[in-house]
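This briefing covers aromatic pairing, the nonpolar core and the helices that contribute to it. Please consult the sequence and the model shown here alongside the points that follow.

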Amino acid sequence: MRRFWSAIEARLLRRRAEQSDPDEVEVEATARGNWPLLLEALHHLALPAHEQIRWIGSMCVDELALDFDDRYQVSWAAQEMGWISAELSRHLDEIDRRLSQLSAEGEAPWSEEGLYQHPTWATLRELAAHAIALMPPEPWLAEPPRAQP
């Protein structure tokens, strides 16, 4: 059944692309491609410290920030599509700001010990969890907002 709906969705997307501005189609494609990656980066930030360490594996702790930053930088496309509410935007901006602050503090927060003990990591986990709650898995399937009469 999922396959059937995927085929229908693909057909609708082709029709919309034929009737739309090519730039708009490209923005939507960028937004769709980045959306699940942004969600995944937020999930990594929301994990408890021990699970973050497991996810990081042999990488450095800063991979959590780099993963988020890569996705955050492309979130303009989802913003343009109207998928990012003002509240979600505030959360994403605050996560970005706090990660930048951590960078200014030197190496201490960017260690396994820092993940457990630095208070900003606890705040980041909360912000990420709130952001995730504001993100539908597939916002392109949601009904567009209706115009107010």
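Does W140 count as buried or exposed? W140 counts as buried, because its relative accessibility is 15%, under the 20% limit for that class. The model is a predicted one. The points below begin with the aromatic residues, proceed to the nonpolar core, and then take up individual helices.

**Aromatic pairs**

- The structure contains four aromatic pairs. One of them joins F68 and Y72 in a stacked arrangement, with 5.3 Å from centre to centre and 20° between the planes.
- Helix α4 (residues 63-72) holds both F68 and Y72, which are four residues apart, about one turn of the helix. Both F68 and Y72 are buried.
- W83 and W140 form a tilted aromatic pair, with a centre-to-centre distance of 5.5 Å and 50° between the planes. This pair links distant parts of the chain, 57 residues apart: W83 belongs to the loop between α5 (76-81) and α6 (86-104), and W140 to the segment after α8 (119-133).
- W83 counts as buried because its relative accessibility is 13%, below the threshold of 20%.
- One aromatic cluster is formed by W35, W83 and W140.

**Nonpolar core**

- The largest nonpolar core comprises 35 residues. Those with the most contacts inside this core are W35, L42, F68, L92, I95, L99 and W121.
- Two or more residues of this core are given by each of α2 (22-46), α3, α4, α5, α6 and α8. The largest share, eight residues, comes from α2.
- With neighbours within four places in sequence left aside, L99 is in contact with L45, A65, F68, W110, W121 and L124.

**Helix α6**

- Helix α6 has 19 residues and reaches 27 Å from its first C-alpha to its last, close to the 27 Å expected at 1.5 Å a residue.
- The residues L88, S89, H91, L92, I95, L99 and L102 are buried in α6. They lie on the same side of α6, because they cover an arc of only 165° around the axis.
- On the other side of α6, the residues A86, R90 and A104 are exposed.
- H91 is located in helix α6. H91 is buried, since its relative accessible area is 15% and the class requires under 20%.
- Apart from its neighbours within four places in sequence, H91 is in contact with L127, H130, A131 and L134.
- G106 follows α6 and has a positive phi, near 90°.

- In helix α3 (residues 49-56), the buried residues are A49, Q52, I53 and I56. They lie on the same side of α3, because they cover an arc of only 100° around the axis.
- Just after α3, G57 adopts a positive phi of about 60°.
- Helix α8 has 15 residues and extends 22 Å from its first C-alpha to its last, close to the 21 Å expected at 1.5 Å a residue.
- T120, W121, L124, R125, L127, A128, A131 and I132 are the buried residues of α8.

Notes: Residues numbered from 1 in each chain as written. Predicted model: local features only at pLDDT ≥ 70, side-chain atom pairs only at ≥ 80, totals over all residues. Heavy atoms only, no water. Phe/Tyr/Trp six-rings, centres within 6.5 Å; stacked < 30°, edge-to-face > 60°. Buried < 20%, exposed > 50% of the residue type's maximum accessible area, 1.4 Å probe, protein only. Arc of directions from axis to C-beta. Expected span 1.5 Å × (residues − 1). Core = buried A, V, L, I, M, F, W, Y, C linked by side-chain atoms within 4.5 Å. Contact = heavy atoms within 4.5 Å.
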